[in-house]
Amino acid sequence: MGRSWISNPDHISAEYVARVNQFLQIARETVDDTGCTLCPCKNCINRVKRHIGEIRRHLLHHGFLSTYTVWVEHGEVNHSEEPVHGSFADEMEEVFHDATRDHYFDIGSTSDMLSPEQPADSERYDNLFEQLKTPLYDGCNDTISALTFVVKLMHLKVLNKWTDRSFDMLIKLLQEVLPPGNRCPDSYYSTRKMLCDVGLGYEQIDVCKYNCSLFYGEYSTDQDCHVCGTSRYIRKKIPHKRLRYFPITPRLKRLYSSKSTATLMRWHKEGRVVQPGVLRHPDCHVCRAKL
């Protein structure tokens, strides 16, 4: 079935409304326990889950995402693309998206895991791809790899607000239950270390009590603020304030190394539809400067 109707600017035409209703019939098959599924309107761009009725209103009001012609997020298989073997980024993106429904998955501070000499991207991706293809233990279901298992465990930890100690206790129990030679991490630290290589986590940076400066870079070892002279700590190495810094470079690399997310990242440049007479949020820095 042709899908040129997706770009139809007349969202109240009989054809557009009929096609939207057909799409919603397909989308009903992918609703979760709360009755929601991803909304492919131009505002939500398959990043927000909504009820079917609300999705219909969005599609009629905002329009259908013009680049979403193969409804992979709603159960459709993309037969037009040849499989790319060895594409780590795309498979990793699917693993994290399926497990967490969120591309920004928080694994806590990784300041203690960062070193000046980081492995090359190709080497790191090769190692993680190997973990993705390696089953949790010999004879395990092929769909459960060591990396998939770790991601799902971390997802449960975040959802249920488990403490680090309780997670360590669960890991130890799993080590006793799983067959010998399993590839389950042996601690919370090793779990975070594995996920840190994917470009997740954050660095912790101490901040002056009065927000004068950051204890970072050349000031990382200072005991007092170099601006106002206030002590860095309240007591015993406990800082007054602490900033969580999410490094942007590894996250951008992940977004642009996957075909699906790279398309969305370039949407404002390549996929945005200009409709005469329709006021939109400016996506050009020149337009923004004039506001």
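A charge sits over a ring if NZ of Lys or CZ of Arg is within 6 Å of the ring centre and within 35 degrees of the ring normal. Arginine 3 meets that rule: it lies over the face of tryptophan 71, at 3.5 Å from the ring centre. There is another case to look at. The charged end of arginine 192 sits over the ring of tyrosine 188, 5.3 Å from its centre.

A word on what you are looking at. This is a predicted model. The chain has 291 residues, and 37% of them are buried. It holds 11 helices and six strands. Now the contacts with a separation of 6 or more. Of these, 56% are between residues 24 or more positions apart.

Let's go to helix H1. H1 runs over residues 14-27, which is 14 residues. From first C-alpha to last, H1 reaches 20 Å, close to the 20 Å expected at 1.5 Å a residue. Which residues of H1 are buried? They are Tyr16, Val20, Phe23, Leu24 and Ala27. These residues cover an arc of only 100° around the axis, and that puts them on the same side of H1. An α-helix has 3.6 residues a turn, so residues three or four places apart point the same way. What do the buried residues of H1 pack against? Their partners are strand S1, at 36-38, and helix H2, at 52-61.

Next, the aromatics. A pair of aromatic rings is described by the distance of the centres and the angle of the planes. The count comes to eight aromatic pairs. Take tryptophan 5 and tyrosine 16. Their rings are edge-to-face, 5.7 Å centre to centre, with 70° between the planes. Tryptophan 5 lies in the segment before H1 and tyrosine 16 in H1 itself, so this pair ties together parts 11 residues apart in sequence. Buried or exposed, these two, tryptophan 5 and tyrosine 16? Both are buried.

Now phenylalanine 23 and phenylalanine 64. The ring centres are 5.2 Å apart and the planes stand at 85°; over 60 degrees counts as edge-to-face, so this pair is edge-to-face. The pair links distant parts of the chain. Phenylalanine 23 is in H1, while phenylalanine 64 is in the loop between H2 and helix H3, at 88-100. That is 41 residues apart. Phenylalanine 23 has 0% relative accessibility, so it counts as buried. Phenylalanine 64 is buried too, with a relative accessible area of 0%.

Trp5, Tyr16, Phe23, Phe64, Tyr68 and Trp71 form one aromatic cluster. Trp71 is the ring that arginine 3 lies over.

On to the cores. The largest nonpolar core has 18 residues. Those with the most contacts inside it are Trp5, Phe23, Leu24, Leu59, Phe64 and Trp71. Which elements give two or more residues to this core? H1 and H2. H1 gives the most, with five residues.

Last stop, serine 213. Where is serine 213 found? In the loop between strand S3, at 203-207, and strand S4, at 233-235. Leaving out residues up to four places away in sequence, serine 213 touches Val207, Cys208, Cys225, His226 and Val227.

Conventions:
Residues are numbered from 1 along each chain as its sequence is written. This is a predicted model: local features need pLDDT of at least 70, side-chain atom pairs count only at pLDDT 80 or more; totals for chains, interfaces and linings use all residues. Side-chain values use heavy atoms; hydrogens and water are left out. Helices (H or I, at least four residues) and strands (E, at least two) are DSSP runs, numbered from the N terminus. The expected span of a helix is 1.5 Å times one less than its number of residues. Buried means under 20% relative accessible area, exposed over 50%, partly exposed in between (1.4 Å probe, protein chains only). The arc is that of the directions from the helix axis to the C-beta atoms. Contact means heavy atoms within 4.5 Å. Rings of Phe, Tyr and Trp (its six-membered ring) pair if their centres lie within 6.5 Å; planes under 30 degrees apart count as stacked, over 60 as edge-to-face and the rest as tilted. A nonpolar core is a set of buried Ala, Val, Leu, Ile, Met, Phe, Trp, Tyr and Cys residues joined through side-chain atoms within 4.5 Å.
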